[in-house]
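Subject: Structure for you to look at

Hello,

Here is the structure I said I would pass on. My notes on it follow below.

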Amino acid sequence: MPDVICHGGGELSESTHGERGADGQRPETDTPETNTSAEELSNQTTSESGLPATGEDQPSADVAEPEAGSEHDPGVFKTSGSFLRERVAQTLQDQGFGPSGDDVHPDPSGGPDGEDAPSSATDESADESDAADTSGSEETGGAADVAAADEARTVPPSSPAKAPNPESDASSSEEPPSSDEAASEAGPSTRPIQPVEEESMWPSPQRMSTMAFPPPDAAASQASGQAESGAPGQGPGQAEGQGPTAEAAVGAVATKNRPEAAGKGKKKGRKAPLWWRILRVCLVLVGVGVIAGCGVFAYFYSTVEVPDAAQADAVEQGSTFYFSDGETMFAERGTHREIISYDEMTAGGEHVVEAVISAEDRGFWTEPGVSVRGTTRAVWSTITGQQVQGGSTVTQQMVRNYFEGVSNDRTVARKIQEIIIAIKIDQSETKEWVMEQYLNTIYFGRQAYGIQAAAEAYYHKDVDELTPAEAAFLAAAIQQPTPFGQANVETTPEMEQRWQYVVDGMVTTGAITQAEADAMEFPAPEPERPSAGADLSGYRGYMLQEAMNELDRLGFTEDMVNRQGYRIVTTFDEDMMEAAYQAVEDTVSQDDLPEGVNIGISTVDPATGEVVAFYGGHDYNANQYDSSFLGRAQAGSAFKPYVLATALEQGIGLNTTVDGRGPQTINGTRIQNAGNSPGGIMSLTQATQFSNNLGYIELAQRVGFEEVRQTAYDMGWPDGSIGDDQLVPVMPLGAASVRPVDQASGYGTFANGGVHVEAHVVREIVNTDGENERPEPESSRALSESTAADVTYALQQVVNSGTGTAANLWDHPTAGKTGTTNGSVAAWFVGYTPQLSTSVGVYNENNQSFSIPGQSISGGGMPAQLWNRYMSAAMEGYEPGSFPSPEFAGSNENWAPVVTPEAPDTPVEDTPTIPEAPEVPEAPEIPVDPVEPDPGFPGDPEEPGEPGTGDPGEPEEPGGPIFPPGRGEDE
């Protein structure tokens with residue numbers, strides 16, 4: 001250990017012992033080569049570079065020692081060897097103040113090989129300290145050691161740019177100061193040891209944030225204080241005159257304490273108050289937002305165009321179905337909306353429009369299509385994440401609900417689009433136009449779209465009949481249509497409050513006076529009643545069903561009907577529909593009808609082809625099967641007039657005779673007349689009158705089955721309804737199935753003089769522009785007038801004295817034909833007057849025999865009676881007409897076999913007793929097993945072979961005639 005000498009005032013100095021600086025000091029060769037003695041060196045100060053100061057560099061004798069409490073405290077130990085110096089450096093390095101090993105630089109002033117420099121030296125401060133140690137002066141060496149330690153503590157090793165340059169320092173120290181400065185800075189020959197505070201070696205505890213980032217004022221004052229007082233061991237003059245070394249020290253301190261200020265050299269001013277900084281940011285954000293908003297608005301305004309088409313949903317109207325009078329509605333389909341003009345809305349006064357303005361947009365007449373306050377509220381709600389509100393004006397709501405391409409998506413982009421279109425619409429259209437579109441599209445509840453539909457739904461009146469109080473109620477319903485729509489006489493307090501709000505608004509806008517508002521009473525809506533279009537019970541559903549089916553065949557789809565607002569006038573006469581319904585209900589009870597048994601009635605106007613009435617079932621809601629338009633049954637003998645018409649068209653006259661005797665075997669099958677009637681040789685008129693099967697079978701074979709089928713098609717039967725497998729001899733017996741409406745249409749051709757008009761149920765299809773889109777029904781001549789007249793004559797005989805007398809209308813000329821299928825699976829009567837053609841069919845859809853209590857299931861029974869009852873009511877509005885006179889055209893052929901030369905001519909058509917001829921010959925009955933004639937049988941047994949009124953043929957064998965499956969017979 002070196003000797004420590006304590007000087008007065010608490011200063012310590014080191015003693016040097018041993019040759020070349022004992023106790024581990026550097027050799028004396030490291031000290032500058034001077035001729036001064038050790039005593040002289042001790043009186044000289046040593047510069048920071050480690051070289052002895054010249055006379056001019058000597059400090060002033062009256063340099064004051066550092067005050068107590070300053071940066072350096074007295075009492076620092078001064079060592080004479082490198083041991084303590086290394087210990088001090090190691091201690092500072094352990095405390096975080098020493099240099100890192102990465103910045104170690106060789107000492108340029110060291111020995112010849114530079115190996116004596118300590119490994120911990122990293123900057124010029126250590127080099128200068130080493131140079132000072134070799135000066136031979138104890139005081140000088142001690143001060144240099146302290147200076148090196150102090151610089152190692154204050155200058156961070158990571159800032160080599162701030163370290164002093166040895167060359168510049170050496171040159172600076174060699175330049176002598178002026179004489180004045182030397183005189184003023186002259187001090188004692190021995191430089192006192194600078195006191196160093198104890199915390200330089202052992203720092204006091206402090207916060208990490210304060211150590212890393214001390215306040216800028218403190219760092220600056222510390223650096224300033226060091227610059228003024230100089231480095232440890234130097235006077236003020238030396239601090240000022242040290243040049244770059246002092247500046248580097250100050251910079252190092254600032255860099256260590258404020259990393260963000262490294263390299264800047266400028267001191268920032270005081271920060272602005274927090275409120276000002278926040279306000280400044282807010283103003284900048286608002287400004288940027290306003291600029292961006294203006295840019296977005298300008299972009300949308302230049303790119304968004306007003307749509308040129310309305311939404312389908314906005315203008316869609318349901319279609320309305322009317323009876324033939326065009327006024328009585330019986331059904332509706334689709335959206336309940338009726339579009340009216342602005343003038344119609346205000347025909348009863350301005351209160352309807354003013355009530356809506358009070359409820360929805362009180363600035364409607366003055367605003368430019370949008371409301372600034374409402375729009376601001378909507379934007380704020382969107383920004384704050386609340387529901388994207390409308391704040392929408394009437395114009396904006398109209399744009400959203402009316403125009404195509406404007407969606408209902410709840411987005412800001414859609415809102416901007418809506419606003420821009422509203423502004424443009426306000427510039428291009430009148431306020432009245434906007435209000436008209438709005439009130440025709442808005443929903444009011446109770447399935448009512450538009451103000452007219454709402455007036456009907458809530459108060460059962462037209463819009464021009466609404467009172468101001470009722471108009472206010474409808475306006476109040478716009479905001480909450482569903483709750484208002486569910487109100488039925490009894491309303492809620494919320495509804496009344498909303499209504500009062502509208503009334504008060506009407507006073508505010510000047511629509512009504514305060515006195516008028518005070519006199520108003522809350523107008524509770526009428527009880528909701530099913531719309532006429534919603535009631536499909538009874539026969540209404542069948543009418544709608546058939547009208548829709550025909551519209552579809554005409555190319556009007558269900559979607560078109562539901563959305564395009566057609567006014568559809570049907571051909572159905574309300575009185576006749578009711579008459580047909582009542583005729584069936586009064587004739588037979590629904591409880592008496594067996595399961596699967598249907599009754600169908602259809603009436604056609606022969607001149608127009610319009611189906612004026614029909615009976616399709618008891619209740620559409622219970623059974624949607626329409627027995628007149630969907631149901632089919634074998635026609636039976638009601639098919640025979642088509643065979644007769646074919647023969648007349650081929651030039652065969654009514655007085656042509658046929659062999660109607662039965663039974664006969666045809667193609668291996670034994671066939672008999674209805675009721676096992678023996679028949680006879682008779683004219684075509686008589687064969688029609690008594691519905692002779694065998695006579696018509698012969699007639700069909702002579703005219704051709706294909707020709708008969710074509711005649712049926714020409715007269716109204718649907719193409720394809722008669723199959724090829726039905727082109728057989730028994731074809732006239734009516735094995736083909738047919739609908740009641742087709743039979744009424746076919747017989748109507750006879751009544752219309754041979755001209756067939758397509759049967760239809762829709763008279764008009766009027767679009768929203770008032771144009772009738774219903775194409776004209778097809779019509780064509782199926783028969784000549786003479787043929788139609790002659791067939792009518794023959795069918796009159798059926799009603800007057802034949803099988804259909806039960807159907808005869810005594811106050812109107814009537815013609816018709818009965819029909820009964822084999823086994824009573826179906827029974828028909830089809831007849832007509834000069835004005836109407838009606839068919840009545842009673843049939844089992846399961847093709848099974850049936851019976852009805854108290855009714856005869858044959859053409860002349862229940863069907864004829866029902867036809868008479870219905871037509872008696874239907875013809876009440878018609879004057880008695882007349883059929884054209886028969887022409888008896890064509891040639892009369894005699895196809896009956898000649899029994900004897902004395903055989904009489906063909907029976908005269910006016911002689912109704914011809915079928916009774918079998919009573920004259922008292923021929924014995926020929927049973928299966930021959931028996932002797934009854935002794936009591938009158939007459940000569942040889943008379944049957946003599947001429948008379950005709951041979952009736954053999955009576956029916958037990959068991960009746962045999963028919964092929966599916967064939968029928970008639971009475």
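I will start with a residue in a helix. Arg-702 is partly exposed, with a relative accessible area of 44%. Please keep in mind that this is a predicted model.

Salt bridges

The partner of Arg-702 is Glu-698, and the closest N and O atoms of this salt bridge are 3.5 Å apart. Both residues lie in helix H29 (residues 693–703), and because they are 4 residues apart, about one helical turn separates them. Glu-698 is buried, at a relative accessible area of 14%, whereas Arg-702 is partly exposed.

Helix H30 (residues 705–715) holds another such pair: Arg-709 and Glu-706 are 3 residues apart, so they too are separated by about one helical turn. Their side chains meet in a salt bridge at 2.8 Å, N to O. Arg-709 counts as buried at 12% relative accessibility, and Glu-706 counts as partly exposed at 45%.

Arg-709 also forms a salt bridge with Asp-724, where the closest N and O atoms are 2.6 Å apart. This pair links distant parts of the chain: Arg-709 sits in helix H30, while Asp-724 is 15 residues away in the loop between H30 and strand E16 (737–738). Asp-724 counts as exposed, with 58% relative accessibility. In the whole structure, the search finds 15 salt bridges.

How many residues of E20 are buried? The count is 6 of 6, so the strand is largely enclosed by the rest of the structure. Both of its faces are covered: Ala-815, Lys-817 and Gly-819 are buried on one side, and Gly-816, Thr-818 and Thr-820 are buried on the other. In a regular strand, side chains alternate between the two faces of the sheet.

E20 runs antiparallel to E21, and 6 bridges join the two. Ser-824 lies in the loop between strand E20 (815–820) and strand E21 (826–832). Its phi is near 55°, a positive value in a residue other than glycine. Ser-824 is partly exposed, with a relative accessible area of 24%.

E6 pairs with strand E7 (residues 448–449) in the antiparallel sense, over 2 bridges, and Gly-445 has Ala-448 in E7 as its bridge partner.

The loop between E6 and E7 contains Arg-446, whose phi is also positive, near 55°. Arg-446 is buried, with a relative accessible area of 9%. Most residues other than glycine have a negative phi, and most peptide bonds are trans. A cis peptide bond joins Gly-662 and Pro-663, with omega about 0°; Pro-663 is in the loop between strand E12 (657–659) and strand E13 (664–666).

Surface charge

Which residues gather in a patch of negative charge on the surface? They are Glu-338, Asp-343, Glu-344, Asp-462, Asp-464 and Glu-465. Asp-462 is in the loop between helix H19 (451–459) and helix H20 (468–477), and is partly exposed at a relative accessible area of 35%.

Regards

How values were computed. Residues are numbered from 1 along each chain as its sequence is written. This is a predicted model: local features need pLDDT of at least 70, side-chain atom pairs count only at pLDDT 80 or more; totals for chains, interfaces and linings use all residues. Side-chain values use heavy atoms; hydrogens and water are left out. Two strands pair if DSSP finds at least two bridges between them. Buried means under 20% relative accessible area, exposed over 50%, partly exposed in between (1.4 Å probe, protein chains only). Patches are made of residues with over 30% relative accessible area and no salt bridge: like charges are joined within 9 Å, nonpolar side chains (Val, Leu, Ile, Met, Phe, Trp, Tyr) within 5 Å. Accessible areas come from the Shrake-Rupley method with a 1.4 Å probe; for residues, only the protein chains shown count as cover. A salt bridge is a side-chain nitrogen of Lys or Arg within 4 Å of a carboxyl oxygen of Asp or Glu. Lys and Arg count as positive and Asp and Glu as negative; His and the chain ends are not counted. The place of a charge is taken as NZ of Lys, CZ of Arg, CG of Asp or CD of Glu.
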